[in-house]
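Here are my notes on the model you sent over, as numbered points. Have the structure open while you read.

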Amino acid sequence: MNDEAQQTWNTGAAKANAAYQGARRNITINPITRLEGHGKIDIFLDGKGDVERAYLQVPELRGFEVFSIGRPAEDMPQITSRICGVCPTAHHMAATKALDDLYQIEPTHVGRMIRELVYNAFTLEDHALHFFVLGGPDFIVGPDAPPAERNIVGVIQKVGLEAGKKVIGMRRRIREITSYFGGKVVHPVLGLPGGVSKGLKAEDLPKFKELAKDGVEFAEWTLSIFKQIVLANPDYVKMITSDAYTHKTCYMGQVDAQNKVNFYDGKLRVVDCDGKEVCKFTAREYRDYVAEHVEPWSYMKFTFLKDRGWNGFTEGPQSSIYAVGPLARLNVAEGMATPKAQAAYEEFFKTLGGKPVHHTLATHWARVIEMIYAAERLEQLINDPDITSPDIRRVPTSVPTVGMGVVEAPRGTLFHHYETDEKGLIRMANMVVATGNNASRIAMSVERAAKGLIKGGHVTEGLLNRVEMAFRAYDPCLGCATHTLPGHMPLIASIYDTRRCLVRTLKQD
Amino acid sequence: MSGPGILVLGLGNDILTDDAVGLLVVRQLGEEFADDPRVEVRETQEMGLALLDYLTGYREAILVDAIQTGKASPGTLHELDSDGLRLLAGGTPHFLGVGETLALGRQLGLAMPERVRIFAIEVTDAQTLGTRLSPAIQQALPAILDRIRAAIRE
């Protein structure tokens, strides 16, 4: 190559590099990635080039306990709800219930109803957000659609502008309930030991009644969308029920006295892979039933059923691994406490061949059924004749020591545990979050997806999206599990050969 | 359009060490611009779809946020305008970015800002619960404030 050609070549290469860097920069700095904690998937191949093990790792939050020690326990509902912008109300409510326990005080009947009302409104909104914005686009727009279309804008193109307006409008109205009671949506100031800080005024009742009624309609409409787009498509049904997305594990979820799903209160029920009850316990007994396992490759703690012991990432009758979240809740319950949700629940198990359902992707369907329950429960509570009573709080008088509280966060069982001195200052604080409870099954899902997509050293196109779909169904709030920031998590997959040499890296910003 | 034309919106989490920087910056600016009717300074810990509620109804928006690219020294101010933001940028299938939020809002017929500028501050630690900025970020604050102040007046 002569000098002139060389120079032209160099200029061209420099421009191409700059354009590439520019394009990359735009993606990287897109503020949705905000502080980017990369999700890291390590894939280890065997001698034939097939997957031996695959691991998902996510960044870690530090310092929760140190931050909490010495603070008044009453601050915990505010502090924990500030950790993460994704499910503040779940943390707020788990912490509030832990305070009831800490001060050994039962909230008043009305205080309890208001908490449950707000909690169901929150769950309805969060589930809707997941269905239309986070996980739903994979189905509504299609798992193989270009990423640029696989989002809410693509969803609206598919379901129509009016539908889009409906989703956005309903979301805003539901959030009015949360802010009415809690002040701010993100940092609710509502729960106090023994009750709540704000009651419902009779004059505000009509608009919330209207909203609850529309909420039920909205949830039913969402189910019809799911049926039209997902269930009517044989390819999707095939994918949902395929082995690649199926794991026979145990399930855990909160149920009421009739073993019906309850997000706010009740007992935790665990069923095995055949759907038989393994145990049922209260928040206080949590640590007798659940233990945490540590793997050398991850910061995460993998919870498992203590009685059964850690049996590794195994499925079947011996599995000590359990899942939490919408699918798990439906699997552990004997039904839904409201009529429309009950009908949808029956249809779910009838269609998918009985209980329990082990298909991870069916979680999306379960989530929509829970939206119906949340809306119906909201409607029941708002129409309760006592809901506007001012008897919203009982003032605690006993000396605090230990408090534990559990709720079903949208993503699954969320557990808070505090210990204090006699003045109520925190001495110890711990949380077991939904994504932690799901960590083992998520790890299995990631490995299964990788195994199906890499054969003989050949990596199938779209690996990362299929792997992401495997864990997106759990709606993992990795922000919360690891306590880093919520939101989009860029993924890096590193593939290693038998000598543990890196052979390929895949990145999805 | 009546009311303030410019929204200055700080994003972040005020108990995650450096992640608070966007909030701290706009709190300072909020005091300085308190008497300026053209400017409204707000903060939020939310992101994604929730930004739609914040962005609606302004002619112009300036977002201040923390970021960790690992490719710049702590305290570096990354600056982007809406041209630099690829609308509907690829690779974000499961979360709504600012570009997508704007596109969505426009599609729904909401009044979205015509101009959006993003100031993203490179940080070092956003994974530890804490309410104090890392020293490098603290030191960089005056220069960052100068730049954003100037941008509001542009």
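1. Let's begin with a strand pair in chain A. Strand β12 (residues 412-420) of chain A runs antiparallel to β13(A), and the two are joined over six bridges. If you want one pair to click on, take Tyr418(A), whose bridge partner in β13(A) is Ala429(A). Bear in mind that this is a predicted model.

2. That pair belongs to an open sheet of three strands, ordered β11-β12-β13 (chain A), with antiparallel pairing. At the edges sit β11 (402-409) and β13 (426-432) of chain A, each of which pairs on one side only. From one strand to the next, the twist averages 10°.

3. Chain A has another open sheet, this one of four strands, and its pairing is mixed: the order is β7-β6-β5-β10 (chain A). Its edge strands are β7 (277-281) and β10 of chain A, each pairing on one side only.

4. Cys250(A) is opposite Tyr322(A) in β10(A). Going the other way, Gly253(A) faces Arg269(A) in β6(A), and Arg269(A) in turn stands opposite Lys280(A) in β7(A).

5. Is strand β5 (residues 250-255) of chain A mostly covered or mostly open? Mostly covered: six of its six residues are buried. Cys250(A), Met252(A) and Gln254(A) point one way from β5(A), with Tyr251(A), Gly253(A) and Val255(A) pointing the other way, and all are buried.

6. On to the domains of chain A. The assignment lists domain 1 (1-33), domain 2 (34-58 + 439-508), domain 3 (106-246 + 359-395) and domain 4 (248-336). Twelve residues of domain 2 of chain A are in contact with twelve residues of domain 3 of chain A. On the domain 2 side, α16 (439-453) and α17 (463-472) of chain A each supply at least two of the touching residues. That side divides into five nonpolar, four polar and three charged residues.

7. Now a loop residue in chain B. Ala72(B) lies in the loop between β3 (60-67) and β4 (77-81) of chain B. Why does Ala72(B) count as partly exposed? Because there are 14 other C-beta atoms within 10 Å, a count that falls between the 12 or fewer of an exposed residue and the 20 or more of a buried one. Ala72(B) and Val123(B) are 51 residues apart in sequence, with their C-alpha atoms 9.1 Å apart in space.

8. Last, confidence. The model scores ipTM 0.79 and pTM 0.86. Chain B averages a pLDDT of 83, with 85% of the residues scoring at least 70. Among the helices mentioned for chain B, α3 (residues 98-107) of chain B is given as the lowest, at a mean of 79, and α4 (residues 135-153) of chain B as the highest, at 95. Please be careful with residues 86-95 of chain B: pLDDT stays under 50 there, although the model has 43 contacts beyond four places in sequence for them. Where pLDDT is low, the predicted coordinates should not be read in detail.

Notes. Residues are numbered from 1 along each chain as its sequence is written. Chains are lettered from A and ligands numbered from 1 in the order in which they are written. This is a predicted model: local features need pLDDT of at least 70, side-chain atom pairs count only at pLDDT 80 or more; totals for chains, interfaces and linings use all residues. Domain bounds come from an automatic or database domain assignment. Two residues are in contact if their C-beta atoms, placed from the backbone, lie within 7 Å. Ala, Val, Leu, Ile, Met, Phe, Trp, Tyr, Cys and Pro count as nonpolar, Asp, Glu, Lys and Arg as charged, and the others, Gly among them, as polar. Two strands pair if DSSP finds at least two bridges between them. Axes are lines fitted to C-alpha atoms, for helices over the stretch in contact, and angles run from 0 to 180 degrees between N-to-C directions. pLDDT is the predictor's confidence in each residue, from 0 to 100.
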